[in-house]
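Trainee: I have the sequence and the structure open. Can we go through the fold and the ligand site by question and answer?

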Amino acid sequence: MVEFSELTVDAPERLQLAQWYHAEWGQDAGLSLEQELQRLNRAQDAEGFPHLIAAFDGGQVVGAVQLKRREMQAFPQYEHWLGSVFVADSHRGRGLAGTLVEQAAAQAARMGVSDLYLQTEALDGGLYARLGWTPLQEADNRSDRVLVMVRRISA
Ligand SMILES: CC(C)(COP(=O)(O)OP(=O)(O)OC[C@H]1O[C@@H](n2cnc3c(N)ncnc32)[C@H](O)[C@@H]1OP(=O)(O)O)[C@@H](O)C(=O)NCCC(=O)NCCS
């Protein structure tokens, strides 16, 4: 059974996550693995951002999602973001990303977030469109075209 918990700053699983993030995104952005790990280990601010939630199966980390502040510089007016959704190859295709997103949305509600934003390369909204996220606009992020979406969390 897959379980979810916040990953503390000293958790050893952070190295595995940094390796996945680096291979998927950081390497293309010119980051070293060390820089990726430093970015992942940024200190939390007073309100608890960034907040990292990991999925575990049999004690092994198999996925993650993050709540962050101001992920896209082009949208300084959008404060709270969901991002860095990742599922291990071994666990893809069975709804785990969707569950991670729901876990993060529930955590955002506990943290008092009103609107949560994300960017995705799936210009049709992919799995997010099915989970109550609304498209706002397309934008360029480095060399990628992305769709920015929002989900109302609490009034
Ligand atoms: C994308 C990813 C998180 C999906 O994980 P998963 O557990 O297999 O996802 P789920 O089973 O919950 O949902 C699969 C759906 O996600 C959709 N999807 C794939 N990539 C997507 C993306 N970048 N954005 C939105 N949806 C995406 C698929 O089309 C699939 O839809 P379908 O069920 O209609 O076929 C996983 O493949 C992964 O970690 N990829 C590398 C990192 C990445 O691209 N993260 C997404 C950042 S927005």
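Trainee: Which residues come nearest to the ligand?
Mentor: Keep in mind that this is a predicted model. The shell around the ligand holds 17 residues. The ones that come nearest are R92, A97, A122, G126 and L127.

Trainee: How do the residues of the shell divide into nonpolar, polar and charged?
Mentor: The charged residues number four and the polar ones five. The nonpolar residues in the shell around the ligand number eight.

Trainee: Is β4 largely enclosed or open?
Mentor: A residue counts as buried if 20 or more other C-beta atoms lie within 10 Å of its own. Six of the eight residues of β4 are buried, so the rest of the structure leaves this strand largely enclosed.

Trainee: In which sense does β4 pair with β3, and in which with β5?
Mentor: Six bridges join β4 to β3 (residues 60-69), and L67 stands opposite L82 in β4. Two bridges join β4 to β5 (residues 115-120), where W81 has Y117 as its bridge partner. The pairing with β3 is antiparallel, and the pairing with β5 is parallel.

Trainee: What is the handedness of the crossover from β4 to β5?
Mentor: The chain leaves β4, passes through α3 and reaches β5. This β-α-β crossover is right-handed.

Trainee: Which strands are at the edges of the sheet?
Mentor: The sheet is open, with mixed pairing, and its seven strands run in the order β1-β2-β3-β4-β5-β7-β6. An edge strand pairs on one side only. The edge strands are β1 (2-6) and β6 (134-141).

Trainee: What angle does the direction of α3 make with that of β3?
Mentor: Neighbouring strands of the sheet are turned by 25° against each other on average, direction ignored. Helix α3 packs on this sheet and touches β1, β2, β3, β4, β5 and β7 (144-152). Its direction and that of β3 make an angle of about 40°.

Trainee: Which residue of β3 is the bridge partner of D57?
Mentor: Strands β2 (residues 51-57) and β3 pair in the antiparallel sense, over seven bridges. The bridge partner of D57 in β3 is Q60.

Trainee: Is P76 buried or exposed?
Mentor: P76 is found in the loop between β3 and β4. P76 has 8, so P76 is exposed.

Note on methods
Residues numbered from 1 in each chain as written. Predicted model: local features only at pLDDT ≥ 70, side-chain atom pairs only at ≥ 80, totals over all residues. Near = placed C-beta within 6 Å. Nonpolar A, V, L, I, M, F, W, Y, C, P; charged D, E, K, R; others polar. Buried ≥ 20, exposed ≤ 12 C-beta atoms within 10 Å, placed from the backbone. Helix = DSSP H or I, 4+ residues; strand = E, 2+ residues; numbered from the N terminus. Pairing = 2+ DSSP bridges. Right-handed = clockwise from strand over helix to strand, strands pointing away. Axes fitted to C-alpha atoms, helices over the stretch in contact; angles between N-to-C directions. Contact = placed C-beta atoms within 7 Å.
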